[in-house]
Structures are given as structure tokens and as C-alpha cells.
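Morning, everyone. I have one chain to walk through today. Please look at the screen.

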Amino acid sequence: MKLYGYWRSSAAYRVRIALNLKQLTAEHISVHLVKNGGEQHSKDFEKLNPQHLVPALVDNNNQGEFCLTQSLAIIEYLEEKYPQQAILPANIEDKAIVRAMAQSIACEIHPLDNLRVLQYLVNEMGVDESKKMDWYHHWIHLGFNALESQLSLHAGQYCFGDQVTLADICLVPQVYNAQRFNVDLQAYPHIMRVWQNCNKLDDFIQAAPEQQDDAC
């Protein structure tokens with residue numbers, strides 16, 4: 001397997017955690033999101049992902065290599081193909097709850113605060129740095145307020161009881177990003193407890209951005 005990603009990409013971070021949890025090895029290929037105008041816009045990478053986004057996972061089947069994009073789709077693929085160390089509960093209702101928490105992060109919070117949106121705000125709409133930070137903090141707080149309520153009902157050591165799940169895989173990178181942008185997270189004790197517990201685990205530690213070869 002080959003994983004095309006970037007050390008600070010939240011979406012690539014998610015996939016690294018999932019690979020580690022499932023004890024899978026992948027060749028990590030860096031796609032620098034800022035250098036040279038963003039290597040994700042190169043013609044070579046466009047062949048892998050026309051959306052110009054990381055991550056992209058290349059794996060093999062009976063017909064040769066194929067490429068998957070979108071972190072949640074990649075992780076669900078890994079879950080089905082490599083069921084060891086399950087990252088979804090067995091019960092159908094519980095699975096739905098975990099997926100809902102994961103998607104509240106990956107589909108509601110993250111897309112509004114990712115690099116290309118922030119770049120558009122600055123470069124195309126003329127938003128200054130202060131207003132850009134207001135935008136970022138607004139969407140983090142809106143999403144984390146809702147997630148904190150969900151965790152109050154379902155969390156144990158982790159987002160859903162005491163099993164590491166897809167929800168934790170999504171939560172940890174989003175907290176990392178929020179801290180990078182100096183978001184005050186004191187109002188989210190459940191989120192921060194889960195984040196701290198996850199970051200005691202080797203699979204999360206080794207997936208952290210600063211542990212990656214392309215970290216700079």
C-alpha cells in the first residue's frame with residue numbers, strides 16, 4: 001500500500017491512525033500542500049485525485065493497483081478488508097452513533113476550516129488574518145459544542161465507551177488543528193479527556209504530525 005499525504009493534513013492523519021491501529025504498513029509519500037503552490041495541484045497527483053486533496057491510498061487487488069480517496073472511505077475500506085482491531089462497534093445502532101460522531105467532525109467541522117477554504121478567504125475574498133481566525137474559531141466552537149453533548153452521553157475512556165473507534169480517529173486530528181490555531185478548549189472536558197487518553201496510545205503517538213518524515 002501507498003499513502004499519499006501531508007504531515008499536517010487532518011485527513012491524512014486519520015488514515016495514519018487507522019493503519020497503525022490495524023497494524024498495517026504503507027509507504028508514505030509526501031504531497032506538500034504549500035510548497036510550489038501546493039503539490040496536490042500537480043498533474044501527476046491529479047491523476048490520483050482530481051479533487052487535488054490528500055490523502056490518496058493506493059492498494060492492490062486481483063486486477064492490479066487502484067486508488068481510493070476521501071479519508072472516511074479509505075478507513076471504512078481498511079475496516080472491511082482488514083477486520084483485525086475493529087474500529088467500529090459490532091452492534092448496528094452503535095455503529096451508526098460512532099459514524100455520526102465521526103462525520104460531525106469530518107463532514108461538518110473540518111471542511112469549513114481546511115487549508116483551501118482558509119486560502120480562499122484570504123486570497124479571493126480579501127479577509128484579513130483576524131477575521132480568518134474568527135471564522136476558524138466560530139466553526140470549531142459550533143461543532144465542538146455539539147460533539148461535547150454527544151460525548152456526555154456516549155464517552156468512556158474514548159468517544160464511544162472504552163473502545164477506540166472511528167470517532168476517536170477523527171477527533172484527535174481536529175483537536176490538534178484547533179490547538180494550532182489557539183482555540184480555547186477549556187469548555188470541552190469530555191473532548192479533552194478523550195484526546196488525552198488517545199494520545200497515550202502508541203498508534204496515535206506514531207501517527208502524530210511531528211513524527212512524520214516530511215514534518216518541517
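First, the ground rules. This is a predicted model, where local features need pLDDT of at least 70 and side-chain atom pairs count only at pLDDT 80 or more, while totals for chains, interfaces and linings use all residues. Residues are numbered from 1 along each chain as its sequence is written, and side-chain values use heavy atoms, with hydrogens and water left out.

Now the overall fold. The chain has nine helices and four strands. Both are DSSP runs numbered from the N terminus: helices are H or I with at least four residues, strands are E with at least two. Reading from the N terminus, the order is β-α-β-α-β-β-α-α-α-α-α-α-α.

How does the radius of gyration sit against a compact globule? It agrees: 216 residues would give near 17 Å, and the chain has 17 Å. That radius is taken over C-alpha atoms, and the globule rule is 2.2 Å times the number of residues to the power 0.38. Along the principal axes, the C-alpha atoms fill a box of roughly 50 × 45 × 30 Å.

Contacts next, meaning heavy atoms within 4.5 Å. Of those with a separation of 6 or more, 66% join residues 24 or more positions apart.

On to the inside. Of the 216 residues, 46% are buried. Buried is under 20% relative accessible area, exposed is over 50%, and partly exposed is in between, with a 1.4 Å probe and protein chains only.

The largest nonpolar core has 66 residues. Such a core is a set of buried Ala, Val, Leu, Ile, Met, Phe, Trp, Tyr and Cys residues joined through side-chain atoms within 4.5 Å. Leu78, Phe144 and Leu171 are among the members that touch the most others. Helix α7, residues 166-180, gives this core its largest share, nine residues. Beyond its neighbours within four places in sequence, Leu171 contacts Ile105, Leu147, Cys159, Ile191, Val194 and Trp195.

Last stop, Glu65 in strand β4, residues 64-69. Buried or exposed? Glu65 is exposed, at 54% relative accessible area. Leaving out residues up to four places away, Glu65 touches Lys2, Val58, Asp59 and Asn60. Met1 is 64 residues from Glu65 in sequence, yet 9.0 Å away, C-alpha to C-alpha.
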